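Here is a short briefing for a first look. Please keep the model open while you read.

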Amino acid sequence: MRLFTRYIWHEVLSHAFLGGALFTFILFMKYLGQLLEMAARNSASLGSVAKIFLFMLPNTLSFTIPMAVLVGVLLGLSRLAADSEITAMRAVGIGVWFFVRVVSAIAVVGWGISLADSLYIAPKANAALLRIERSLKDQQASFEVEPRVFYEDFKNYVLYVQDIRAGTGASRWQRIFLADLSDPVAPR
C-alpha cells in the first residue's frame, strides 16, 4: 500500500507543482510591467525589485495553491485512469476509499499550507510591501518632476525646477524655485 500511496502522491503532486507555477506566473504577469519599469528606469535597485516580487508572492499563493491542488488531483487521476492504472489497482484489491483517503490527504495538506499563508505569511508580507513601496515613492519623487513646469498641486506651495539631471537613485535638481503661499498677503 505504501508503494501505491507514494505513486499516487507523486503523480498528483507533479501536476500540482506544474499547475501552481503556471498559475503563479499568469497572475504575476499583471505586475511584471511595473516591476520591469522600476528596474529599467534605475529608480529602484534590483534588490528592491526582488524584494517587491517576493513580498507579492504570498498573496498570489493564497489563490494558486488551491487551484494547483485541484489541477493536480484532476490531471493526476485522469492520467492514471487513461493508462488503466486505476483499473489495475482496483484489480489487485485496492478500493475506491483508498484513492479518496490519499487524495483527501493531499487536499488537507494543500488547505493547511494555504491557510497558513493566508493567515500568517501574507499579512506580514503586505506590511513589508507597503513599507518598501512608501520608501520607493519617496525616492522616485525626484523622477516625476519635469523641468520648467510649475507644480501647484502642493497645498500652499508652488514648485519650479529649471534643470534636472539624471542620477543613480534620484535625479539632481538645479535652480529650484519654491514659493510659500500660506500667507496670501505676504508670500515668500
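In strand 3, which residue is the bridge partner of Asp163? The partner is Gln174. This is a predicted model: local features need pLDDT of at least 70, side-chain atom pairs count only at pLDDT 80 or more, and totals for chains, interfaces and linings use all residues. Residues are numbered from 1 along each chain as its sequence is written, and side-chain values use heavy atoms, with hydrogens and water left out.

**The sheet**

- Three strands form an open sheet in the order 1-2-3, with antiparallel pairing. Strands (E, at least two residues) and helices (H or I, at least four) are DSSP runs, numbered from the N terminus. Two strands pair if DSSP finds at least two bridges between them.
- Strand 1 and strand 3 are the edge strands, and each pairs on one side only.
- Strand 1 (residues 150-151) and strand 2 (residues 157-165) run antiparallel, joined by two bridges. Tyr151 has Leu159 in strand 2 as its bridge partner.
- These two strands make a hairpin with five residues between them. Asn156, in the turn, has a positive phi of about 65°.
- Eight bridges join strand 2 to strand 3 (residues 172-180), again antiparallel. Arg165 stands opposite Arg172 in strand 3.

**The cores**

- The largest nonpolar core has 12 residues, including Ile8, Val12, Val73, Phe98 and Ile106. Such a core is a set of buried Ala, Val, Leu, Ile, Met, Phe, Trp, Tyr and Cys residues joined through side-chain atoms within 4.5 Å. Buried means under 20% relative accessible area, exposed over 50%, and partly exposed in between (1.4 Å probe, protein chains only).
- Helix 1 (2-40), helix 2 (46-82) and helix 4 (96-144) each give two or more residues to this core. Helix 4 gives the most, with five.
- Another core, of eight residues, lies apart from it; among them are Leu35, Val49, Ile52 and Leu136.

**Two residues and their contacts**

- Leaving aside neighbours within four places in sequence, Val12 is in contact (heavy atoms within 4.5 Å) with Gly72, Val73, Gly76 and Ile106.
- Thr64 lies in helix 2. Thr64 is buried, with a relative accessible area of 1%.
- With neighbours within four places in sequence again left aside, Thr64 is in contact with Gly20, Phe23, Thr24 and Leu27.
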